Amino acid sequence: MEVLHSHRVGMLSIAVALVAIGAGTAYYLYITKKSKGCLDPENFKEFKLVKRTQLSHNVAKFKFALPTPTSVLGLPIGQHMSCRGRDALGEEVVKPYTPTTLDSDLGYFELVIKMYPQGRMSHHFREMQEGDYLTVKGPKGRFKYQPGQVRAYGMLAGGTGITPMFQVARAILENPNDQTNIHLIYANVSFEDILLKEELDDLATSFPDRFKVYYVLNQPPEQWDGGVGFVSKEMIQTHCPAPASDIQILRCGPPPMNKAMAAHLIDLGYTPQMQFQF
């Protein structure tokens, strides 16, 4: 009886071990499958436009469906993807864009696009209707994000340069294990040009101790309590973390702004290692 009992116990132990191994393997495969993104860095893939929301006369939000409701795009934080389309002459054009969504947004991704009158890719987005397909390839980009890798980020954004900043900010603030502080200076020509303002203000309200945003307008309305003109060294000194080994300043905007900000930052003592340009 003891031999039989020992045999049963042994078989039971083996069964439990096999179940555990099987469960662990299944979990690993589930996580691997779940984390595998839909993007391909070598080949363009098509995604269907399921909702287009006009935000202003020249800005719209485009929602694209992924293959399944649980699919993830697979775009690392702060990186971008190449979008391919046709300009007004029917010629192919490729331009980088950063979604405003994260991989925690399952089953879809969104792009907030400002469509310029003479923009070649702007023409493609202007013509897009629900049911059309967008061709994209990625991920691309040099930015590598790890939770808590710096004490604080300073962000200098201009115009559509807000999209990678917004994505990084969301990833940080929605991660309970990341306590990084964010100081954003966001410059535009007019009040109507401010993209994602409602979302940015929501972040500032939800995380008042960790997310600060300072708007700068070249042509402000009469009642305006933000910055006026171009982003200055004084604005950076006041609204961004001071130079230190554990901070980083992120830049993204039109080429003239990027050039001016780089000069300001060097003058203020920020080393090249403390800066990153998208």
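This is a predicted model: local features need pLDDT of at least 70, side-chain atom pairs count only at pLDDT 80 or more; totals for chains, interfaces and linings use all residues.

Me: How do you know how confident the predictor is in the protein chain?

Reply: Look at pLDDT, which runs from 0 to 100. The mean for the protein chain is 89, and 87% of the residues reach 70 or more. Residues 1-34 are another story: pLDDT stays under 50 there, and the model gives that stretch 1 contact beyond four places in sequence.

Me: What makes Gln-167 count as buried or exposed?

Reply: Buried means under 20% relative accessible area. Gln-167 has 1%, so it is buried. You'll find Gln-167 in helix 3, residues 162-173. Setting aside neighbours within four places in sequence, its contacts include Leu-75, Pro-76, Thr-98 and Leu-102.

Me: Why is strand 11 called largely enclosed?

Reply: Count the residues: 6 of the 6 in strand 11 (residues 247-252) are buried, so the rest of the structure largely encloses this strand. In a regular strand, side chains alternate between the two faces of the sheet. In strand 11, Ile-247, Ile-249 and Arg-251 point one way, while Gln-248, Leu-250 and Cys-252 point the other way, and all are buried.

Me: What makes strand 7 and strand 11 a pair?

Reply: The test is at least two bridges between them. Strand 7 (residues 152-158) and strand 11 have 6 bridges and pair in the parallel sense, so by that test they are a pair. One place to look is Ala-152, which stands opposite Ile-247 in strand 11.

Me: Which other strands are joined by bridges in the parallel sense, starting with strand 11 and strand 12?

Reply: Strand 11 and strand 12 run parallel and are joined by 3 bridges, with Gln-275 in strand 12 as the bridge partner of Ile-249. Strand 7 and strand 8 also run parallel, joined by 7 bridges, and there Met-155 has Leu-184 in strand 8 as its bridge partner. Then 7 bridges join strand 8 to strand 9 (residues 211-217), again parallel, and Tyr-186 stands opposite Tyr-215 in strand 9.

Me: What order do the strands take in the open sheet with parallel pairing, and which stand at the edges?

Reply: The order is 10-9-8-7-11-12, an open sheet of 6 strands. Strand 10 (227-228) and strand 12 each have a single partner strand, so one side of each is left without a neighbour in the sheet, and these two stand at the edges.

Me: What about the open sheet with antiparallel pairing: what is its order?

Reply: That sheet has 6 strands in the order 4-3-6-1-2-5. Neighbouring strands here are turned by 40 degrees against each other on average, direction ignored.

Me: How do you know that strand 3 and strand 4 are paired?

Reply: Same test again: at least two bridges. Strand 3 (residues 80-86) and strand 4 are joined by 6 bridges and run antiparallel, so the pair passes. Arg-84, for example, stands opposite Val-94 in strand 4.

Me: How much space lies in the largest pocket, and what lines it?

Reply: About 1000 Å³ of space lies in it. The lining has 39 residues, with Gly-158, Thr-160, Gly-161, Gly-253 and Pro-254 nearest the centre. Helix 6 gives the largest share of that lining, 6 residues.

Me: Where does Gly-253 lie, and what is it in contact with?

Reply: Gly-253 lies in the loop between strand 11 and helix 6. Leaving aside neighbours within four places in sequence, Gly-253 is in contact with Gly-158 and Asn-258. Its C-alpha atom is separated by 9.5 Å from that of Tyr-186, 67 residues apart along the chain.

Technical notes
Residues are numbered from 1 along each chain as its sequence is written. Side-chain values use heavy atoms; hydrogens and water are left out. Contact means heavy atoms within 4.5 Å. Helices (H or I, at least four residues) and strands (E, at least two) are DSSP runs, numbered from the N terminus. Axes are lines fitted to C-alpha atoms, for helices over the stretch in contact, and angles run from 0 to 180 degrees between N-to-C directions. Buried means under 20% relative accessible area, exposed over 50%, partly exposed in between (1.4 Å probe, protein chains only). On a 1 Å grid over the protein atoms alone, a cavity is a set of points where a 1.4 Å probe fits but cannot get out, and a pocket is an open set with protein on both sides within 12 Å along at least five of seven lines; lining residues have an atom within 4 Å of a point. Grid points are joined across faces, edges and corners, and a volume is the space filled by probe spheres set on the points.
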